Amino acid sequence: MKKIIIASHNPVKIRAIANGFERMFPEEEFNITPVSVPSGVSDQPMSNRETLQGAFNRAQNAKEQKPEADFWAGIEGGIEEDNGKMAAFAWIVIQSQSLCGEGRTGTFYLPNKVADLIREGKELGEADDIVFNQSNSKQNSGAIGLLTGDLINRTSLYEHGVVLALVPFKNKDLFA
């Protein structure tokens, strides 16, 4: 059984990691252990670069905290201004002893009411809770679930990024 350390206790992120690994490696069994580690970036990353750095830092910090594993995973959600609109996405970084994979989720645009609250200093999850009259939406459907009526939820959005981050591990001979 392979051991995965994920740098989060958020059930959405844990499910996304589990689902992505199971889809890419259906013949394997995985044990997932969550840990709390710092991202080293803002609570609400405001650029593509900062978001990727946060995911990398989380995976690396998890690796340093729990070195006795096969994989370490960091997921960081972020936003970025794009021609007057605010885009939302996440980066996933997965490390092993010899490889590092990175995958970004799909991107979607936030409604102006949500974007305005973020510009005032709120995190995306808090802004969603205010606009959609929710509680702790970031550990449930997230902004994407609220906006799509759960056609796509935060777990499924992140799961695609996990699969993309696992490409080097599925194709080791091409990425070694």
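**Surface and charge.** I looked up the accessible surface of this predicted model; the protein comes to about 8700 Å², of which 47% belongs to carbon and sulfur atoms. I then counted charges: there are 18 positive and 23 negative side chains, and the centres of the two sets lie 1 Å apart. For burial, I noted that buried residues make up 48% of the 176 residues.

**Fold and dimensions.** I listed the secondary structure and got eight helices and six strands. Along the sequence they follow the pattern β-α-β-α-β-β-β-β-α-α-α-α-α-α. The radius of gyration is 16 Å, close to the 16 Å given by the globule rule for 176 residues, so the protein is as compact as a globular protein of that length. I also took the extent of the C-alpha trace along its principal axes, which is about 45 × 30 × 30 Å. Among contacts with a separation of 6 or more, 59% join residues 24 or more positions apart.

**Core.** Which residues touch the most other members of the largest nonpolar core? I found Phe21, Ile94 and Leu110, in a core of 36 residues. At least two residues of this core come from each of β1 (2-6), α1 (11-24), β3 (71-82), β4 (85-95), α3 (112-119), α4 (124-132), α5 (142-148) and α6 (154-165). A second, separate core has seven residues, among them Ile5, Ala7, Val37 and Ala62.

I followed Ile94 further. Leaving aside neighbours within four places in sequence, Ile94 is in contact with Phe21, Phe71, Trp72, Ala73, Leu99, Cys100, Gly101, Val162, Ala165, Leu166 and Phe169.

**Ile75.** This residue sits in strand β3.

**Helix α4.** I listed the buried residues of α4 as Leu124, Gly125, Ala127, Asp128 and Asp129. They pack against β3, β4, α3 and α5.

**Positive phi.** Most residues other than glycine have a negative phi. Just after α4, Asn133 has a positive phi of about 50°, although Asn133 is not a glycine. Asn133 is in the loop between α4 and α5. With a relative accessible area of 70%, Asn133 is exposed.

Asp150 is also not a glycine, and its phi is positive at about 65°. I placed Asp150 in the loop between α5 and α6. At 42% relative accessibility, Asp150 counts as partly exposed, because that class lies between the 20% and 50% cut-offs.

**Pro38.** I found Pro38 in the loop between β2 (30-34) and α2 (48-65). Its relative accessibility is 56%, over the 50% cut-off, so Pro38 counts as exposed. What is Pro38 in contact with, leaving aside neighbours within four places in sequence? I recorded Asn57, Arg58 and Asn61. Pro38 and Asn61 are 23 residues apart in sequence and 7.3 Å apart in space, C-alpha to C-alpha.

Methods
Residues are numbered from 1 along each chain as its sequence is written. This is a predicted model: local features need pLDDT of at least 70, side-chain atom pairs count only at pLDDT 80 or more; totals for chains, interfaces and linings use all residues. Side-chain values use heavy atoms; hydrogens and water are left out. A nonpolar core is a set of buried Ala, Val, Leu, Ile, Met, Phe, Trp, Tyr and Cys residues joined through side-chain atoms within 4.5 Å. Buried means under 20% relative accessible area, exposed over 50%, partly exposed in between (1.4 Å probe, protein chains only). Helices (H or I, at least four residues) and strands (E, at least two) are DSSP runs, numbered from the N terminus. Contact means heavy atoms within 4.5 Å. The radius of gyration is taken over C-alpha atoms; the globule rule is 2.2 Å times the number of residues to the power 0.38. Accessible areas come from the Shrake-Rupley method with a 1.4 Å probe; for residues, only the protein chains shown count as cover. Lys and Arg count as positive and Asp and Glu as negative; His and the chain ends are not counted. The place of a charge is taken as NZ of Lys, CZ of Arg, CG of Asp or CD of Glu.
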